[in-house]
Amino acid sequence: MPVGDLREAMAQFTLQGTREPLIGQMSHLSVGTRVLGEMDKPLISRHRVDSDGSLAEPPSGAPKVGILGSGDFARSLATRLVGSGFSVVVGSRNPKRTAGLFPSSTQVTFQEEAVRSPGVIFVAVFREHYSSLCGLSDQLAGKILVDVSNPTEQEHLQHRESNAEYLASLFPTCTVVKAFNVISAWTLQAGPRDGNRQVPICSDQPEAKRIISEMVHAMGFMPLDMGSLASAREVEAMPLCLLPAWKVPALLALGLFVCFFAYNFIRDVLQPYVQEGKNKFYKLPVSVVNTTLPCVAYVLLSLVYLPGVLAAALQLQRGTKYRRFPDWLDHWLQHRKQIGLLSFFCATLHALYSFCLPLRRSHRYDLVNLAVKQVLTNKSHIWVEEEVWRMEIYLSLGVLALGTLSLLAVTSLPSIANSLNWREFSFVQSTLGFVALVLSTLHTLTYGWTRAFEESRYKFYLPPTFTLTLLVPCVVILAKGLFLLRCFRLRLAKIRRGWEKDSAVKFMLPNDSILTEKTSHV
Ligand SMILES: NC(=O)C1=CN([C@@H]2O[C@H](COP(=O)(O)OP(=O)(O)OC[C@H]3O[C@@H](n4cnc5c(N)ncnc54)[C@H](OP(=O)(O)O)[C@@H]3O)[C@@H](O)[C@H]2O)C=CC1
Ligand SMILES: [Fe+3]
């Protein structure tokens with residue numbers, strides 16, 4: 001179909017007033033907008049362009065879209081719509097005041113006038129003002145209303161029905177579509193970017209949903225069908241979420257930090273103060289933090305691999321992979337990436353803090369005092385070979401562990417992960433990740449050296465912190481080693497290829513009773 005004919009069809013559609021024919025015509029628009037979307041650029045380039053990059057005048061016969069409201073969102077929406085080849089008419093309570101803020105090709109007029117001809121009208125107004133639009137009911141009858149609104153967290157809790165459902169209840173003769181609420185005015189104006197392209201859409205009217213989906217496409221975004229208008233509440237909750245996948249991992253990291261910080265505070269600051277009268281509170285900002293961070297990083301890293309070990313143990317015990325894991329284990333498995341990245345973050349901070357340790361004034365005083373002590377006791381050359389080696393190996397293992405962890409972090413970026421095949425990704429995340437855990441364990445062990453066996457290290461009878469951190473990682477490493485044993489390895493491999501310990505073969509008998517034959521493969 002030539003583009004000219006399509007434009008004509010779309011222009012006709014915009015003049016429709018009643019519901020039934022409107023829906024019929026809308027399919028023309030949907031096809032038309034798709035074609036327009038695909039031919040977006042050539043269409044635009046043939047027309048005069050404003051200084052802000054939007055069209056100074058819409059292409060003749062461009063489908064007409066209405067916007068109610070002249071705020072931030074309405075302005076960005078108008079700019080993007082005009083740039084995508086639509087003709088836009090804005091309905092304002094005070095068009096004189098707002099006209100200058102829109103692209104010059106946009107028609108800014110009174111609300112009654114603006115809603116007269118377009119079949120699709122965006123309601124860029126806050127929920128509390130929906131009722132002020134009720135006077136337009138007659139003109140709006142049979143049209144598609146696009147609800148773009150976002151409730152505040154309080155409003156979301158307060159109202160049982162979504163904003164879109166509320167709008168639909170105020171305008172029963174209209175078809176309400178929920179869309180664009182997840183896109184900020186800024187994104188709309190700047191244009192779609194990689195990470196923020198999806199536009200969830202829902203409506204009770206599939207045809208209307210399809211038309212808006214085509215518009216979303218034409219504007220450079222990706223429509224995501226969320227079903228009926230009953231899903232609007234869920235769609236409206238989306239922008240209210242604050243990094244949902246990170247909540248539990250971040251709380252876990254914070255919890256571990258608080259616990260280890262308190263433990264180190266008791267051992268390194270409180271104990272010398274109470275038992276020896278020494279004021280070591282200066283250690284709180286750097287030293288205690290730097291003793292805490294590696295503990296958190298190390299335990300978090302082991303918690304990335306622990307759920308895999310538990311899942312394997314569960315599969316071995318059940319003798320099948322076809323039974324669901326408990327919910328907590330399922331969630332844990334899904335959050336491994338975030339836990340791993342937080343571990344990397346803490347390890348990096350630990351490295352930076354360690355670099356800063358010699359810069360502290362307290363460290364310089366300690367060095368000078370040690371030198372003076374040496375002079376006074378007439379010692380000229382202090383060199384403990386074992387300590388020197390311990391430190392060299394300890395530092396080297398730490399650097400290697402951090403380097404391996406950074407590889408894991410880099411490959412978890414979507415752009416890098418997408419460039420790896422499944423085997424490469426699994427090698428980096430699983431094998432190299434485990435190597436990082438082993439290197440971190442060796443780093444911790446060389447740090448601890450013989451300290452776990454020295455009585456003076458047990459302050460307030462509390463064991464050194466590193467001994468506590470070793471607990472979970474050692475369990476993970478031992479379990480991983482155990483699964484490498486031939487008997488476990490082969491059985492696990494068989495289970496993961498679909499083998500089951502007890503498989504039930506069921507036969508349907510003519511009288512509908514079921515005969516189950518148990519076959520054991522053990
Ligand atoms: N800003 C953003 O980034 C985003 C906004 N949204 C949603 O878009 C909608 C508009 O937001 P935004 O543009 O930021 O808000 P603004 O306050 O900037 O604009 C709201 C507009 O509503 C119009 N309006 C119509 N009737 C009334 C009334 N009775 N009282 C007051 N104003 C009225 C006004 O236009 P006039 O005076 O010309 O009639 C006003 O400009 C909201 O529902 C919001 O949740 C959604 C996603 C992102
Ligand atoms: Fe360290």
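Visitor: What is the order of the strands in the open sheet of eight strands?
Guide: Strands of a sheet pair through backbone hydrogen bonds, either parallel or antiparallel. Here the open sheet of eight strands runs β3-β2-β1-β4-β5-β6-β7-β8, and its pairing is mixed. Strands β3 (107-110) and β8 (222-225) are at the edges with a single partner strand each, so one side of each has no neighbour in the sheet. On average, neighbouring strands of this sheet are turned by 30 degrees against each other, direction ignored. Axes are lines fitted to C-alpha atoms, for helices over the stretch in contact, and angles between N-to-C directions run from 0 to 180 degrees. Two strands pair if DSSP finds at least two bridges between them. Helices (H or I, at least four residues) and strands (E, at least two) are DSSP runs numbered from the N terminus.
Guide: This is a predicted model, in which local features need pLDDT of at least 70 and side-chain atom pairs count only at pLDDT 80 or more, while totals for chains, interfaces and linings use all residues. Residues are numbered from 1 along each chain as its sequence is written, and chains are lettered from A and ligands numbered from 1 in the order in which they are written.

Visitor: In which sense do β6 and β7 pair, parallel or antiparallel?
Guide: β6 and β7 pair in the antiparallel sense over two bridges, and Lys 178 stands opposite Cys 202 in β7. On the other hand, β5 and β6 pair in the parallel sense over four bridges, with Lys 178 in β6 as the bridge partner of Asp 147. Strand β7 (residues 198-203) also pairs with β8 in the parallel sense, over four bridges. There, Ile 201 has Asp 225 in β8 as its bridge partner.

Visitor: How many residues of strand β2 are buried?
Guide: In a regular strand the side chains alternate between the two faces of the sheet. A residue is buried if 20 or more other C-beta atoms lie within 10 Å of its own, exposed if 12 or fewer, and partly exposed in between, with C-beta atoms placed from the backbone. In β2 (residues 87-92), six of six residues are buried. Ser 87, Val 89 and Gly 91 are on one side, Val 88, Val 90 and Ser 92 on the other. Strand β1 (residues 64-68) pairs with β2 in the parallel sense over five bridges, and Ser 87 is the bridge partner of Lys 64. In β6, Thr 175 and Val 177 point one way, Val 176 and Lys 178 the other way, and all are buried.

Visitor: Which strands does helix α11 lie across?
Guide: Helix α11 (residues 206-218) lies across β4 (120-123), β5 (144-147), β6 (175-178), β7 and β8, at about 165 degrees to β7. His 217 is in this helix and counts as buried because it has 20 C-beta neighbours inside 10 Å. His 217 and Ser 84 are 133 residues apart in sequence, and their C-alpha atoms are 9.7 Å apart in space.

Visitor: At what angle do helices α14 and α23 pack?
Guide: Helix α14 (residues 284-318) and helix α23 (residues 486-496) pack at about 85 degrees, with axes 10 Å apart. They are therefore roughly perpendicular to each other; the class covers 65 to 115 degrees, with angles under 35 roughly parallel, over 145 roughly antiparallel and the rest oblique. Ala 312, Gln 315 and Leu 316 in α14 meet Phe 488, Arg 491, Leu 492 and Ile 495 in α23. Contact requires C-beta atoms, placed from the backbone, within 7 Å. The residues of this contact divide into five nonpolar, one polar and one charged. Ala, Val, Leu, Ile, Met, Phe, Trp, Tyr, Cys and Pro count as nonpolar, Asp, Glu, Lys and Arg as charged, and the others, Gly among them, as polar.

Visitor: Where is Asn 378, which has a positive phi?
Guide: Most residues other than glycine have a negative phi. Asn 378 has a positive phi of about 60 degrees and is in the loop between α17 (361-376) and α18 (385-411). With 6 C-beta neighbours inside 10 Å, Asn 378 counts as exposed. Trp 449 has a positive phi of about 50 degrees and is in the loop between α20 (422-448) and α21 (465-469). Trp 449 is partly exposed, with 16 other C-beta atoms within 10 Å.

Note on methods
Two residues are in contact if their C-beta atoms, placed from the backbone, lie within 7 Å.
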